[in-house]
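Please read the following report alongside the sequence and the model.

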Amino acid sequence: MKLELRGITKKFGDFTANDAIDLVVEPGTIHALLGENGAGKSTLMNVLFGLYDADAGEILMDDDAVTFVGPGDAMAAGIGMVHQHFMLVPVFSVAENVMLGHEQVKGPAKLLDVGAARDKVRELSDRFGFDIDPDALVENLSVGAQQRVEIIKALSRDAEVLILDEPTAVLTPQETDELLEIVRQLRDSGTAVVLITHKLREVKAVADTITVIRRGKVVGTAEPSASQEELASLMVGRDVSMTVDKGAADPGEPVLRVENVTVVNEASGVTHVDDVSLEVRAGEILAVAGVQGNGQTELAEAILGLLPTAHGQIILDGNVLSGRSIRQNLDAGIGFVPEDRTEDGVVADFTVANNLILDLYDREPYSRRGAIDPQVVRTHAEEQVEKFDVRTTSTQALTGALSGGNQQKVVLARELARELKVLIASQPTRGLDVGSIEFVHKRIIEERDKGVAVIIVSSELDEVYALADRIAVMYHGKVVDIVAPDTDRDTLGLMMAGAHSKEEAA
Amino acid sequence: MSDTSVTEKPADPKDGPGDDRVRGVLRGILESSTLVVVMAVVASLAIGGLLVMFADEDVREAAVYFFSRPGDTFSAMGAALVSAYTAMFQGAVVNPSSETFVGFIRPFTQTLTMATPLIFAGLGLGIGFRAGLFNIGAQGQLLIGAALGAYIGFAWDLPWVLHLLVAVIGCAIGGAVWGFIPGFLKARTGAHEVIVTIMLNYIGLNLVAWLLTLEAFQRPGSNNPISPEVADAAQYPLILGSQFNLHLGFLLAIACAFGVWWLMERSTLGFEFRAAGSNPRAARTAGMSVAKSYIFVMVIAGALAGLAGSAQVLGTEKVLTTATAGSIGFDAITVALLGRSRPLGTVMAAILFGGLRAAGPTLQVQAGLPVDIVFVIQALIVLFIAAPPLVRSIFRLPAPANEKEVAA
């Protein structure tokens, strides 16, 4: 089925999320919708899926104009969507999830016909080689398998246009490859696939057509043969270099040692970090790689003291940290860039200036004897905004109004304003545009070159490769191994899935 | 500030979903624009006017023969409105019909006197609201403060100035202790402050009732639950002479408003309070002790509520009874919300409420209306403030930016 969007415009108040977007998706093709976070990709797809009403424009399917009042209409018309966050009931079986909202009944008693759903799952699973057991409970499936269940769900409703919203964010490199293979098969069987992503590598790997969206507008189309640099500059609107210049590390003495640390969630009893030991030396970047949810976040939070350690100890410059307050750990020279910047990094309804002193406010010169000096705070903010290129209307603007990238710059500027011994940055560039990524990476490498021991927690392999001097891979709360930065993608991918590497750590 | 003993225990005051909801409601109210607040007051007064018309005797009489002579009903309505609003004005602002200057301005000084305890307590509650604490306990804190201050006032014999000073400090300490309890429990165990403060209101009230049965608190030779009058030396001096009730407590309240402004906008402590209120997780990650903030906020709010008690026992009433607190502790919640928890707003809202209170008797005597009209108007204000979208739709105001859905 051919899908066409004409002049779709969607506004939220004064903000135009989609501005007269035209898009044609041919059957049997993979159409990549490429754009930075916040460019309007998801809004466009939500309009298409009937979740939002467009302010202007029309949707045509096989050249007939259609209107969708809700997702039900869109599904009935043959559009399927796999959301970034899965819409599955964990305690239901695969078959039950697939029939959910579409239940078939049999017999006079109108019993649920699970058998039919089971057959449907089995048929689709066999056809595309999904290897999914219809009776397995969803909660027991891996993330990649859950995603395939979502795809089966869409296909079981005879979707002829399948929208995948950032499908690879939660996958290991191997799972990503598997997904891309599935997508190719779907295309070959005649389905039109819309792949929403900001990952250039994937786009180049599978897309037949690429449409680039920037600030709610289509800024161009590209061939898959275009280079990553070309695609990136189209996405950002200016030239960007994809690799950051990084000299060889000159590591000094170990600064931070993590010894046999275990972190257990007190409420649930789940062990997030299991007997982890590692050390970071001055002037090197240790990247902690792994698929999300394998204990990296908890490890970083335990080092700062946000989470208590069940046992083991953390030693900074010869001093044991465990049991000290976060404040004391910050004072001891830990810089911390939290994974979730809006929740943990900034106070959204504080001004930029105040967020820049969120952990400096009670030190001189920002305050004296309990009184904050607004003039100093303002001057400091103006300097930092300049230095870190924070795009804001004023230092007195509310931080919540800034884009994710600019909020991240605020956090980074604040943390780097102190004398650091260790910098811990979790997912430092998640959700950032290519331009900001480049900037953040540069700053982190500068810190390393100043002799700071740096720990980067990242689930993006590109980022790990761009920054790491050594790579620690975590799986199920344990460090699988610590390897050199030139370890190839496949090996790292296997390690991220729990397989031990044969190579020894550098 | 020594903080490690109480603070970074794993008893990180866990934010349950209920807490988030309270914070969401608080934030919604605090962010409502001044225009919405003003319009809420206007709408309340207008609806109050409707009630006045229906409560009026003449209107009801005329309404009996409405269909034969509707004009009578309408003119009676108009007359009722005019007489009610005139009475309000004369009771709360100035009385132009008075022969003397004293009589002319007395209503306004009465308004300020009535506003004084509301300013104190409202300031304290406002600090809590901005720090993410929904403190319902001003009533109990006020009573305990009043009890301690009153006791110092009537039982001790100290020289002038010193006696007042000690009694005022006693009020503040009494309230601070009563505020410390819920703050400490929240910091240490995560106990929800709404429940704890409500319970402490009852405990405070009954504690004072019991104290008033003791010989030490009772008026000699009386069995009634009423204390002796506090010594002259411990009373707030009247600042406009003996013809007016306005006392020094009002100036102290204004001074406290400046103090609270400085605390919240300029001090490191207030910075912590605001951070803990807006985003406790980010505050914690930045090394602040959110638990410590909760305790400090509740102690300061309690002390201010205690000072509200001083305005009663050392100012207007001069004695301690179980009715000392009236409904000040609860009205102060409205005052703080109406003033958007900012000191200036709180002072203005307190004066508005003081005015409504001061107008009550005039309304009754002059316009023949039940005093309850005033409470209805207060309640309507609460209703409108709690539902900013309602006010916006009535007056067709634009929605604030933060309520718009911005999708990526």
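In chain A, Lys478(A) and Asp274(A) form a salt bridge, and their closest N and O atoms are 3.3 Å apart; the term salt bridge stands for a side-chain nitrogen of Lys or Arg within 4 Å of a carboxyl oxygen of Asp or Glu. Because Lys478(A) lies in strand β24 (residues 478-483) of chain A and Asp274(A) in strand β14 (residues 271-281) of chain A, the pair ties together parts that are 204 residues apart in sequence. Helices (H or I, at least four residues) and strands (E, at least two) are DSSP runs, numbered from the N terminus.

Lys478(A) is partly exposed, with a relative accessible area of 42%, and Asp274(A) also counts as partly exposed, at 26%. Here buried means under 20% relative accessible area, exposed means over 50%, and partly exposed is in between, with a 1.4 Å probe and protein chains only.

## How the model is described

This is a predicted model, in which local features need pLDDT of at least 70 and side-chain atom pairs count only at pLDDT 80 or more, while totals for chains, interfaces and linings use all residues. Residues are numbered from 1 along each chain as its sequence is written, chains are lettered from A and ligands numbered from 1 in the order in which they are written, and side-chain values use heavy atoms, with hydrogens and water left out.

## Further salt bridges

Side chains of opposite charge can pair when their charged atoms come close. Over all chains, the count comes to 42 salt bridges. One of them joins Arg118(A) to Asp135(A), with the closest N and O atoms 2.9 Å apart; this pair links distant parts of the chain, since Arg118(A) is in helix α4 (residues 114-128) of chain A and Asp135(A) is in the loop between α4 and α5 (143-156) of chain A, 17 residues apart. Arg118(A) is partly exposed, at a relative accessible area of 28%, and Asp135(A) is partly exposed as well, at 39%.

Chain B has a pair whose two residues are buried: Lys292(B) has 11% relative accessibility and Glu272(B) has 3%. In this salt bridge between Lys292(B) and Glu272(B), the closest N and O atoms are 3.5 Å apart, and the pair links helix α12 (residues 290-316) of chain B, which holds Lys292(B), with helix α10 (residues 268-278) of chain B, which holds Glu272(B), across 20 residues. Returning to chain A, a network of salt bridges links Lys246(A), Arg448(A), Asp449(A) and Asp469(A).

## Two domains of chain A

Chain A is divided into domain 1 (3-236) and domain 2 (254-496), with bounds that come from an automatic or database domain assignment. The C-alpha centres of the two domains lie 34 Å apart, and 13 residues of domain 1 are in contact with 14 residues of domain 2, where contact means heavy atoms within 4.5 Å. About 1,000 Å² is buried between these domains, and carbon and sulfur atoms give 58% of that area; buried area is the accessible area (1.4 Å probe) that two parts lose on being put together, summed over both. In domain 1, Pro173(A), Gln174(A) and Arg201(A) lose the most area to domain 2, together 39% of what that side buries.

Between the two domains the count is one salt bridge. Arg201(A) forms a salt bridge with Asp462(A), and the closest N and O atoms of this pair are 4.0 Å apart. On the side of domain 1 that touches domain 2, α6 (173-188) and α8 (228-236) of chain A each supply at least two residues, and α8(A) gives the most, with three residues.

## Where chain B meets chain A

The size of an interface is often given as the accessible area lost when the parts come together. Between chain B and chain A the buried area is about 2,800 Å², of which carbon and sulfur atoms give 60%, and the contact takes 27 residues from chain B and 37 residues from chain A.

The count between the chains is two salt bridges, and one that joins them is formed by Asp344(A) and Arg281(B), whose closest N and O atoms are 2.8 Å apart. On the side of chain B that touches chain A, α1 (17-31), α9 (248-266), α10 and α11 (280-285) of chain B each supply at least two residues, and α10(B) gives the most, with six residues.
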